[in-house]
Amino acid sequence: MQKKRLPGTNVLDKLHRGAVYTCLAVTLYGTIMLGLRGWRYYSVTRPERQKADLQMIEEGSHDKAEELKY
């Protein structure tokens, strides 16, 4: 039995499908990583900064600070 050759359009369709799946995978991965980064900011980084700012204000050294960065 001979192997069937794929016409050019089928080959291009398979390449296009592969490119689309790759783009979907990269988008999904990027969305997940962005979500994790946002979660870390709101659950770890931001409370630590607020705690440090509050401590600085309580110590009275807030006058020396140029600006409080969030």
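Predicted model: local features only at pLDDT ≥ 70, side-chain atom pairs only at ≥ 80, totals over all residues.
Me: Why is Ile32 called partly exposed?
Reply: Its relative accessibility is 46%. Buried would need under 20% and exposed over 50%, so Ile32 at 46% counts as partly exposed.

Me: And what makes the nonpolar patch around Ile32?
Reply: Leu28, Tyr29, Ile32, Met33 and Leu36 make it, with about 530 Å² of surface. A patch residue needs over 30% relative accessible area, and Ile32 has 46%. As for the spacing, an α-helix has 3.6 residues a turn, so residues three or four places apart point the same way.

Me: How much of the protein is buried?
Reply: Buried residues are 3% of the 70 in the protein.

Me: How do you know what the "transmembrane region" looks like in the model?
Reply: The label comes from an unreviewed UniProt entry and covers residues 19–39. In the model that span is 100% helix and 0% strand, with its end C-alpha atoms 30 Å apart.

Me: What span is expected for α1, and what does it reach?
Reply: With 52 residues at 1.5 Å a residue, 76 Å is expected; α1 reaches 74 Å from first C-alpha to last, which is close.

Me: Where does α1 bend, and what follows it?
Reply: The bend is about 40°, at Tyr41. After α1 comes Gly60, with a positive phi near 85°.

How values were computed: Residues numbered from 1 in each chain as written. Heavy atoms only, no water. Patch = residues over 30% accessible without salt bridge, like charges linked within 9 Å, V, L, I, M, F, W, Y side chains within 5 Å. Areas by Shrake-Rupley, 256 points an atom, 1.4 Å probe, with all protein chains shown as cover. Salt bridge = Lys/Arg side-chain N within 4 Å of Asp/Glu carboxyl O. Buried < 20%, exposed > 50% of the residue type's maximum accessible area, 1.4 Å probe, protein only. UniProt positions renumbered as here; feature names shortened; annotations may be inferred. Helix = DSSP H or I, 4+ residues; strand = E, 2+ residues; numbered from the N terminus. Expected span 1.5 Å × (residues − 1). Bend = angle between axes of the 7 residues up to and from the residue.
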